[in-house]
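Open the model in your viewer and keep the selection panel ready. Each stop below says what to pick and what is there.

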Amino acid sequence: MIFDGEKLRAALRDRTLPVYVPESIDSTNLECRRRIEAGEGRCLVVAGTQTAGRGRNGKRFFSPPGAGLYMSLAFRPAQGAENAIGVTTYTAVAAAREIARLTGRSCQIKWVNDLFLDGRKVCGILTEAVGDTLIVGVGVNLLPTSVPPELEGIVGCLNCAGIAEELAAGVTNALLQYHPEDASHMEEYRRRSLVLGRSVRFFHDGCQRGGVAVAILDDGALVVDTPDGREMLRSGEVSLSGIAGI
């Protein structure tokens, strides 16, 4: 998928933001990191494919050509970059809102960083800090494509062409207005939650544990009631039973 850089720039509210639109790259997050370490204060990188896309915990993020939007924004939020989970929840809501606006389809959010549609993952988010700069990577599956066997039944798509530039710009516009002290998006985050009230599994101290997700706090922490007591998860990921790939 080749993106129209001029269409993307025209949809951005901040016309001073440096924008790079390579057809292919190893990783948009890595490219942002390289540019920040070289002295750029902020930038937006949008690519048609990634040859070394990454997800959480070093997992590979499947990024085939012609099927998705792969973008990363590097910026410095107010009060620094200490609350990565906060900006991740904010990004999830921003992406869900933009998808709804552009396609009319409503995504659910799997704590903390994935968007699901009809039980399949259609968007992943990876937030990283470089000093006081945050790099937020967003990958959205737009069109059907063949997937590796291990992802069959897990990966879905929006099945919608022609929205990539507007979607990238909409998420970017929202992120550039992010303020760590404003948790008003969390009401919508909880409303879209795929995990609240469900049995979940997670790893703690190297052991898999289970419980029921009972709350998501304004700081993004997931509260899980387990047989051994209440746990507060602020990192890692959870899995659920009964839904493909979760």
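Begin at the second largest pocket, whose lining residues divide into 6 nonpolar, 3 polar and 5 charged. Here Ala, Val, Leu, Ile, Met, Phe, Trp, Tyr, Cys and Pro count as nonpolar, Asp, Glu, Lys and Arg as charged, and the others, Gly among them, as polar. This is a predicted model, where local features need pLDDT of at least 70, side-chain atom pairs count only at pLDDT 80 or more, and totals for chains, interfaces and linings use all residues. Residues are numbered from 1 along each chain as its sequence is written, and side-chain values use heavy atoms, with hydrogens and water left out.

**Stop 1: the pocket**

The second largest pocket holds about 200 Å³ of space. Select Arg13, Glu98, Gly170, Asn173 and Ala174: of the 14 lining residues, these are the closest to its centre. Two elements give two or more residues to the lining, helix 3 (84–103) and helix 4. Helix 3 provides the largest share, 6 residues.

Some terms for this stop. A pocket is an open set of points on a 1 Å grid over the protein atoms alone, where a 1.4 Å probe fits, with protein on both sides within 12 Å along at least five of seven lines; lining residues have an atom within 4 Å of a point. Points are joined across faces, edges and corners, and the volume is the space filled by probe spheres set on them. Helices (H or I, at least four residues) and strands (E, at least two) are DSSP runs, numbered from the N terminus.

**Stop 2: the helix pair**

Show helix 3 and helix 4 together. They pack at an angle of about 140°, with their axes 9 Å apart. That makes helix 3 oblique to helix 4 (angles under 35 degrees count as roughly parallel, over 145 as roughly antiparallel, 65 to 115 as roughly perpendicular, and the rest as oblique). The axes are lines fitted to C-alpha atoms over the stretch in contact, and angles run from 0 to 180 degrees between N-to-C directions. The crossing is right-handed, meaning that the near helix is turned clockwise from the far one by less than a right angle.

Stay on helix 3 and pick Ala95. Is Ala95 buried or exposed? Ala95 is buried, with a relative accessible area of 1% (buried is under 20%, exposed over 50%, partly exposed in between, with a 1.4 Å probe and protein chains only). Draw a C-alpha distance from Ala95 to Met232: 25 Å in space, across 137 residues of sequence.

**Stop 3: backbone points in loops**

Go to the loop between strand 4 (108–110) and strand 5 (114–117), where Val112 sits. The peptide bond from Trp111 to Val112 is cis, with omega near 0°.

Next, select Asp118, in the loop between strand 5 and strand 6 (120–130). Its phi is near 55°, a positive value in a residue other than glycine. Asp118 is exposed, at 67% relative accessibility.

Asn159 lies in the loop between strand 7 (133–141) and helix 4 (164–175). Phi of Asn159 is also positive, near 55°. At 53% relative accessibility, Asn159 counts as exposed.

**Stop 4: two distances**

Pick Gly131, in the loop between strand 6 and strand 7. Gly131 is exposed at 67%. Its C-alpha lies 37 Å from that of Asp228, 97 residues apart along the chain.

Finish at Arg198, in the loop between helix 5 (186–191) and strand 8 (199–204). Arg198 is partly exposed, at 29%. From Arg198 to Val224, 26 residues apart along the chain, the C-alpha separation is 9.7 Å.
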